[in-house]
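Here is a short note for a colleague who is opening this structure for the first time. Please read the points with the model on screen.

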Amino acid sequence: MREEFLSEFGPGVLPLPNSLEGSPLWAALKMSSRFMGEGVRQAAEELFNSPLFIHSVYLSVMLYFSAWLMPEPFFSKAFAATLTVRLAMVVGLVELTRVAQACLRLYQEAQAARTPAQVEAASARFGAAMGGVGFRVVVLVATLGLGRLLPDVPAGGVAGEVRSWSVALAGGSSVGAVTTVQVVADGTLVVTGVSAGLAVSSTCVDMGVCSMASNYSGSSPALSTRYGPPHTRSNPPHNEAIEDELAAREGAGHTRLDKNKAQRDSAGDRVFDTRPVRSTRSRKPDASSLRPDGVRHNTNYVSNAKDLQRELDAFEAMRRADPDAIHELYMLNGTLVRRYVPPGVQYP
């Protein structure tokens with residue numbers, strides 16, 4: 001199975017262990033179905049009980065979704081490139097990027113875990129972040145990469161939809177073989193290949209999936225607003241990252257879930273920078289919540305590397321305003337830039 005995935009996707013940027021079953025990622029994936037929503041939990045539990053399927057998901061994360069660790073994900077294997085275009089046409093780049101980031105975050109948190117409880121917490125955040133569409137994407141990459149049938153699961157529902165998607169993606173798309181696919185910094189999907197041609201270009205225009213930021217339109221997937229108004233309509237991946245983060249925290253028992261609201265401490269009081277930069281005394285964390293242990297947790301995301309210094313300044317301002325809170329700064333691809341944990345506070 002390992003060789004089959006390597007032949008389809010090429011080597012990933014993450015090292016494959018000799019024994020998959022002994023890795024923390026394996027353990028986190030195995031239990032993640034317990035934390036998924038009602039709409040997908042039954043199918044997820046059935047599928048994740050199959051050793052064949054769980055191996056496929058593991059390899060998908062390590063070999064396909066790992067490419068999204070790069071600042072500009074690049075797929076050079078023909079199968080992986082074509083699959084990326086077809087998935088983008090069906091679910092949109094926003095959703096595909098969101099799922100990839102959830103997979104990568106699960107890997108990073110599982111690798112950093114030092115206790116079974118920490119592995120379970122990472123699994124819970126991943127499961128809570130997996131909506132119906134996200135789960136289907138993970139299943140499709142796993143099953144198409146293997147080229148074998150799905151395990152037997154109850155007819156209808158999510159399983160039936162996955163089978164339909166699988167058939168359509170395997171042969172029903174008008175997109176032919178693609179040589180390379182690159183998702184550049186502004187969210188544009190750059191496709192090259194002899195038979196990609198106008199079919200891809202016209203579909204991108206019609207469905208609005210070729211640009212996540214500059215060309216985001218009404219025909220693209222709707223912005224999530226479960227936790228508050230859109231962070232910005234010009235950068236959907238940023239908004240979706242915040243929504244996913246807050247969903248994961250809610251699943252982990254956090255309360256006082258705030259999206260892009262003025263910074264507050266654990267008591268709910270406004271806090272202000274003691275040494276404001278350019279007279280900016282108050283900040284708005286992208287995602288903020290109160291952990292079950294009563295510690296405030298603030299997270300911000302950097303969409304553009306050009307804005308990194310500005311975001312670092314904001315990070316330090318938030319830390320000065322509330323040194324009793326956990327503060328994190330991530331690139332939008334899930335890479336941790338900086339983290340502050342108060343003395344005596346356990347993380348995660």
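1. Start with helix H3. On one side of H3, Glu38 and Gln42 are exposed. This is a predicted model, so please read every value below as computed from predicted coordinates.

2. Now turn to the other side of the helix. H3 covers residues 38-48. Its buried residues are Val40, Ala43, Ala44, Leu47 and Phe48. Seen down the axis of H3, these buried residues fall within an arc of 125°, so they line one face of the helix.

3. Next, the chain as a whole. The chain has 348 residues, and buried residues make up 52% of them. It holds 12 helices and eight strands.

4. A word on contacts. Take the contacts in the chain between residues at least 6 apart in sequence. Of these, 65% join residues at least 24 apart.

5. Check the loop between strand S4 (255-259) and strand S5 (287-290), where Arg278 is found. Arg278 is not a glycine, yet it has a positive phi of about 50°. Is Arg278 buried or exposed? Its relative accessibility is 68%, and exposed means over 50%, so Arg278 counts as exposed.

6. Ser279 lies in the loop between S4 and S5 too. Ser279 has a positive phi of about 70°, although it is not a glycine either. Ser279 has 67% relative accessibility and therefore counts as exposed.

7. S6 gives the most to the lining of the second largest cavity, with three residues. By class, this lining has two nonpolar, four polar and one charged residues.

8. Then the open space. The second largest pocket contains about 520 Å³. It is lined by 27 residues. Which of them are the closest to its centre? These are Arg105, Leu106, Gln108, Glu109 and Tyr330.

9. Helix H6 (93-112), helix H7 (116-129), helix H11 (236-251) and strand S8 (336-340) each give two or more residues to the lining of the second largest pocket. H6 supplies the largest share, eight residues. The lining divides into 15 nonpolar, five polar and seven charged residues.

10. On H3, compare buried Val40 and Leu47 with exposed Glu38 and Gln42. In the loop between S4 and S5, find Arg278 and Ser279.

Definitions and conventions: Residues numbered from 1 in each chain as written. Predicted model: local features only at pLDDT ≥ 70, side-chain atom pairs only at ≥ 80, totals over all residues. Heavy atoms only, no water. Buried < 20%, exposed > 50% of the residue type's maximum accessible area, 1.4 Å probe, protein only. Helix = DSSP H or I, 4+ residues; strand = E, 2+ residues; numbered from the N terminus. Arc of directions from axis to C-beta. Nonpolar A, V, L, I, M, F, W, Y, C, P; charged D, E, K, R; others polar. Contact = heavy atoms within 4.5 Å. 1 Å grid on protein atoms, 1.4 Å probe; cavity = no way out; pocket = protein on both sides within 12 Å on 5 of 7 lines; lining within 4 Å. Points joined across faces, edges and corners; volume = space filled by probe spheres on them.
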